[in-house]
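Here is a short note on aromatic rings. Please read it beside the model.

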2 protein chains.
Amino acid sequence: MTAVTHSSIREDIRKRIVAGEWGLGEQMPGEIDLASEYGCSRTTMNRALRALADEGMIERKRKGGTRVRPLPLPKAQLRIPIIREQVEARGLDYSSKVIHRKRLSAKSQTHIPPGTDCIYLESLHMAGSEPFAYEKRWVNLAAVSEFEHVDLSEISANEWLVRTVPFSRGNVALAASNADAAVAEMLNVPCGNAVFTMQRNTWLESAAITAATLFFPPEYRLEFEI
Amino acid sequence: MTAVTHSSIREDIRKRIVAGEWGLGEQMPGEIDLASEYGCSRTTMNRALRALADEGMIERKRKGGTRVRPLPLPKAQLRIPIIREQVEARGLDYSSKVIHRKRLSAKSQTHIPPGTDCIYLESLHMAGSEPFAYEKRWVNLAAVSEFEHVDLSEISANEWLVRTVPFSRGNVALAASNADAAVAEMLNVPCGNAVFTMQRNTWLESAAITAATLFFPPEYRLEFEI
DNA sequence: GAGTGGTCTAGACCACGGT
DNA sequence: CCGTGGTCTAGACCACTCA
């Protein structure tokens with residue numbers, strides 16, 4: 001006898017969908033019917049079906065009932081890794097060095113309003129004695145003025161920001177680009193070689209906090225489940 | 001007066017966390033206290049807090065209570081776009097052509113067991129008259145034998161597979177690589193140029209279905225929110 | 001042992017959206 | 001109109017884990 005828990009019910013219904021018990025786009029039984037079939041309350045069945053809807057397997061509409069999604073949404077949970085953790089997960093020592101540090105007005109290529117007082121940083125993240133990633137970053141001093149006095153030999157800019165402004169929101173763009181001379185030298189790859197790049201803009205509420213671009217050597221792969 | 005719904009409560013508590021009402025790693029009030037503070041039932045408060053825990057903002061443990069996560073997990077919902085949709089979203093006509101099609105035994109670089117009878121395909125996805133992506137794909141005939149007879153001038157391999165085996169799971173790896181001569185010619189970029197690559201392996205239950213590698217021109221960016 | 005979250009229940013009312 | 005999912009409630013028992 002299967003335990004009547006929302007998770008076991010959810011997995012059982014998932015199997016029935018995968019097995020094709022209800023065709024694509026076809027209406028499946030409602031909460032009340034399924035609840036009585038499984039011998040659980042409607043609340044529990046609701047939770048199981050809600051979870052399947054959240055992951056894009058089914059679609060639910062008031063009055064329209066519950067349907068198997070015709071083309072499932074290929075959604076994935078991607079966890080943006082913290083660089084230190086990635087390095088340490090490979091059993092290597094993490095360190096970072098600041099290569100350039102300047103005080104500049106924001107340029108227009110970032111989401112920080114042009115002219116805003118910023119710190120511009122270039123730093124190299126190391127895994128053992130090998131370069132792991134090169135970073136170019138703008139930090140908005142109007143939003144985090146304390147950043148001006150942070151000792152970046154003690155803590156990386158990224159970690160300081162995460163601890164100071166932990167719950168910011170942002171966007172990410174992934175791309176491939178050809179290494180320019182500076183990036184190529186830092187990552188120890190031939191000039192023009194393909195490098196994986198990740199651009200991140202973050203906000204706290206409506207204030208632009210930081211814009212960072214990370215360059216990874218060609219071996220780097222960002223992996224996740226779907 | 002704020003309505004007492006799980007979502008409004010969740011957003012209010014999110015604001016209080018962002019405002020720093022409870023320090024990082026510090027224990028916050030339990031469900032019962034918060035429920036009485038908001039004048040809702042414990043069930044409702046549980047749902048609000050569970051949602052915040054799911055998105056990585058708080059950590060919950062039996063007996064240990066609820067705590068603000070010390071370093072928030074940067075998680076993102078990444079929707080893997082269907083190529084046709086990406087092209088059409090840019091207002092361009094989508095088409096695809098098969099460049100090579102062979103029947104081969106699987107090689108060991110994919111997740112399909114070596115020696116399995118496969119179709120190997122190379123195809124070009126077009127946006128208007130421009131190349132949009134080049135695809136190399138293995139399809140396991142032992143898992144989807146009908147694929148042998150599909151007319152790929154009518155429907156792309158990807159779309160046929162999604163409709164036929166809709167609920168497969170898989171993994172994805174993103175990287176930057178240097179275009180080899182064939183890919184460079186197809187994408188109309190200089191040989192050796194950086195191309196964005198996406199490798200996908202998919203399974204239905206435990207059966208390997210298909211392994212695909214997509215190559216995108218250097219302008220391509222994969223964007224998402226965090 | 002005891003406190004906290006995890007979960008289930010039975011019942012209720014509401015909101016959306018096809019008919 | 002009225003069926004369906006969306007949500008809330010009050011109460012209960014359980015399971016984990018810290019002290």
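1. Phe196(B) is buried, at 0% relative accessibility. Buried stands for under 20% relative accessible area, exposed for over 50%, and partly exposed for values in between (1.4 Å probe, protein chains only). Phe196(A) is likewise buried, at 0%.

2. This is a predicted model, where local features need pLDDT of at least 70, side-chain atom pairs count only at pLDDT 80 or more, and totals for chains, interfaces and linings use all residues. Residues are numbered from 1 along each chain as its sequence is written, chains are lettered from A and ligands numbered from 1 in written order, and side-chain values use heavy atoms, without hydrogens and water.

3. Rings of Phe, Tyr and Trp (its six-membered ring) pair if their centres lie within 6.5 Å; planes under 30 degrees apart are stacked, over 60 edge-to-face, the rest tilted. The count is 15 aromatic pairs over all chains.

4. Phe147(A) and Trp160(A) make an edge-to-face pair, 5.4 Å between centres and 65° between planes. Phe147(A) sits in the loop between β7 (130-140) and α5 (157-164) of chain A, and Trp160(A) in helix α5, so the pair ties together parts 13 residues apart in sequence. Phe147(A) is buried at 1%. Trp160(A) is buried at 13%.

5. Phe196(A) and Phe196(B) are stacked: 6.0 Å centre to centre, 15° between the planes. This pair crosses between chains, from strand β9 (residues 194-204) of chain A to strand β9 (residues 194-204) of chain B. Helices (H or I, at least four residues) and strands (E, at least two) are DSSP runs, numbered from the N terminus.

6. One aromatic cluster includes Phe196(A), Phe196(B), Tyr220(A) and Tyr220(B).
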